[in-house]
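Hi,

Here is the structure I promised to pass on. Have a look at it first, then read my notes below.

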Amino acid sequence: MPVVAGRSAAELRIAGLSRFSTVDWPGRLVATVFLQGCPWDCRYCHNPDLIDPRGRGSMPWEAVAAFLGERRGLLDGVVFSGGEPTMQRALPDAVARTRELGFDVGLHTGGAYPRVLDAVLPALSWIGLDVKAGADDYARVTGRGPSGRAALRSLDLVLAAQRERAASRHPLDVEVRTTVHPDLIDDTRLGDLGELLADRGVRRWAIQRFRATGSRCGEPESPPLRLDRLPRERFERIEVR
C-alpha cells in the first residue's frame, strides 16, 4: 500500500452520519460517514456546509465505531463521503478500522488528492468518482484554479486498480459520474469529456442532471443539455439520471 503520512482515525473530522442509506452505494444498504472539508468550491454543491476544512466536526470517531459495531450483519458496507474525504490524513486509518470491523468500504471522491486516494484504494470495494469536466474546464466548475490534473490522475489510478483486481477475490467496483449543470458545461464539452473518459478506459458513465433542490445556486439560466453529442458507442453503458 502506498505510504502516506497519516493520522489516527480519532482525529477524523466527522460532519455527520447517515445510519441507513440505499443511495450512496448502488445496490447496497450502507452507513455513510460525511467528512468535513473540501478544497473546491463547486457552484452546484449540495453540501456547502462541509466545504470549510477548519470545521471541527460534530461527532467523534469513537461514536461512529460504536454504532458500526452494533450493526454487524445488518449493513452491507460503509461509505466515506464529504466534503472531500481524501482531504483528511486520518482517512486511511478510519478505512482500515472499518474493514477490521468486518465491513466492505466505499468512497465518494472528486479525486482532489491522488496520493491519499492511492493509499486507500487497496482497501476499497467500491468507489464513486466524480469527473466534473475536461481538464481545462475544471476551474469554472470548482472555482479553484487548475484542479483537473489531480482529478484525472485519480481517475487513472482508479481504473488501473480496477483492471488489476478484475479477476481477484477483492474486485473494485467503480462508478464514474458527471454532474451536468447547463451554465457550466454544454453539449460539445460534455461530448469531449466522454471521448476523454473512453480514451482512458471508462466503460460505464453516469450523467447526473443538475437539480436545484437543496443546492446553493438556484435554477440555471441556460436550458437543459440535449445530450445529443455523447459518444455512446464507446461505452458499455451510459446512464442518465
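The loop between β7 and β8 holds L227, and phi of this residue is near 60 degrees, a positive value in a residue other than glycine. Bear in mind that this is a predicted model. L227 counts as buried because its relative accessibility is 8%, with the cut-off for buried set at under 20%.

Another backbone point to check is the peptide bond from G82 to G83: it is cis, with omega near 15 degrees. G83 belongs to the loop between β3 and α2.

Now the sheet. It is open and made of eight strands, in the order β1-β2-β3-β4-β5-β6-β7-β8, with mixed pairing. β1 and β8 (237-240) are the edge strands, each pairing on one side only. From one strand to the next, the twist averages 20 degrees.

β1 and β2 are antiparallel, with five bridges between them, and here L17 stands opposite V33 in β2. β4 and β5, on the other hand, run parallel and are joined by four bridges; T109 is found opposite L129 in β5.

How many of its residues are buried? Five of five, so the strand is mostly covered, given that buried means under 20% relative accessible area. In a regular strand, side chains alternate between the two faces of the sheet. In β5, W126, G128 and D130 point one way, while I127 and L129 point the other way, and all are buried. Helix α5 (residues 148-164) lies across β5 (126-130) and β6 (173-180), and runs at about 155 degrees to β5.

Which strands each supply at least two residues of the lining? They are β4 (104-109), β5, β6 and β7 (204-209). β6 gives the most, with three residues.

On to the helices, starting with α1 (residues 61-70). Its buried residues are W61, V64, F67 and L68. Seen down the axis of α1, they fall within an arc of 125 degrees, so they line one face of the helix. What covers the buried residues of α1? The cover includes β1 (14-21), β2 (30-35), β3 (77-81) and α2 (91-100).

Last one: A119, in helix α3 (residues 114-120). A119 counts as buried because its relative accessibility is 2%. A119 and L91 are 28 residues apart in sequence, and their C-alpha atoms are 9.4 Å apart in space.

Cheers

Note on methods: Residues are numbered from 1 along each chain as its sequence is written. This is a predicted model: local features need pLDDT of at least 70, side-chain atom pairs count only at pLDDT 80 or more; totals for chains, interfaces and linings use all residues. Side-chain values use heavy atoms; hydrogens and water are left out. Buried means under 20% relative accessible area, exposed over 50%, partly exposed in between (1.4 Å probe, protein chains only). The arc is that of the directions from the helix axis to the C-beta atoms. Contact means heavy atoms within 4.5 Å. Two strands pair if DSSP finds at least two bridges between them. Axes are lines fitted to C-alpha atoms, for helices over the stretch in contact, and angles run from 0 to 180 degrees between N-to-C directions.
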